[in-house]
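Student: I have a model open on my screen and would like to learn how to read it. Could you walk me through it?

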Amino acid sequence: MERQAMANKGDWLDAQLRANRPAPIADDGFAARVMAALPAATRALPAWRRPALVVLWALAAIGLALSLPDATLDVARQGYRLFTAIPVSVPQLAVAMVAAAVVMWTIAGYTLRRELVPAR
């Protein structure tokens with residue numbers, strides 16, 4: 001929030017909008033009554049929900065793989081053929097790993113920014 005307040009401090013458009021703000025419309029308390037009639041804010045989802053969904057989807061995938069053993073083996077064999085048919089050197093593998101690490105750290109850094117974390 002502090003960063004946003006500092007950014008808005010020198011924002012000429014924000015200053016113009018605040019200076020030319022129209023007077024509030026008289027509604028005889030209508031907005032307050034509507035806000036009071038709204039249901040209470042719902043709580044965040046329980047912490048156990050996401051891991052439970054991951055486990056359930058993993059079990060579903062394992063169950064599907066076990067129920068179709070021939071298809072699973074065919075997919076595994078074709079994947080092995082695909083990856084072994086392409087000659088890859090150690091430097092190419094290292095560059096691919098570094099690129100993947102850069103992408104993952106960039107995504108993690110973006111998603112863990114303080115502006116995105118809701119205030120409690």
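Tutor: Let's go through confidence, fold, surface and one backbone angle. This is a predicted model, in which local features need pLDDT of at least 70, side-chain atom pairs count only at pLDDT 80 or more, and totals for chains, interfaces and linings use all residues. Residues are numbered from 1 along each chain as its sequence is written, and side-chain values use heavy atoms, leaving out hydrogens and water.

Student: In which helix is confidence lowest, and in which is it highest?

Tutor: pLDDT is the predictor's confidence in each residue, from 0 to 100. Here helix H1 (residues 2–9) is lowest with a mean of 57, while helix H3 (residues 30–37) is highest at 92. The protein chain averages 83, and 86% of the residues score at least 70.

Student: How many helices and strands does the protein chain have?

Tutor: Helices (H or I, at least four residues) and strands (E, at least two) are DSSP runs, numbered from the N terminus. This chain has six helices and zero strands.

Student: What share of the residues is buried?

Tutor: Buried means under 20% relative accessible area, exposed over 50%, and partly exposed in between (1.4 Å probe, protein chains only). Of the 120 residues in the protein chain, 1% are buried.

Student: What about the phi of aspartate 28?

Tutor: Most residues other than glycine have a negative phi. Aspartate 28 has a positive one, near 55°. Aspartate 28 sits in the loop between helix H2 (12–19) and H3, and counts as exposed because its relative accessibility is 71%.
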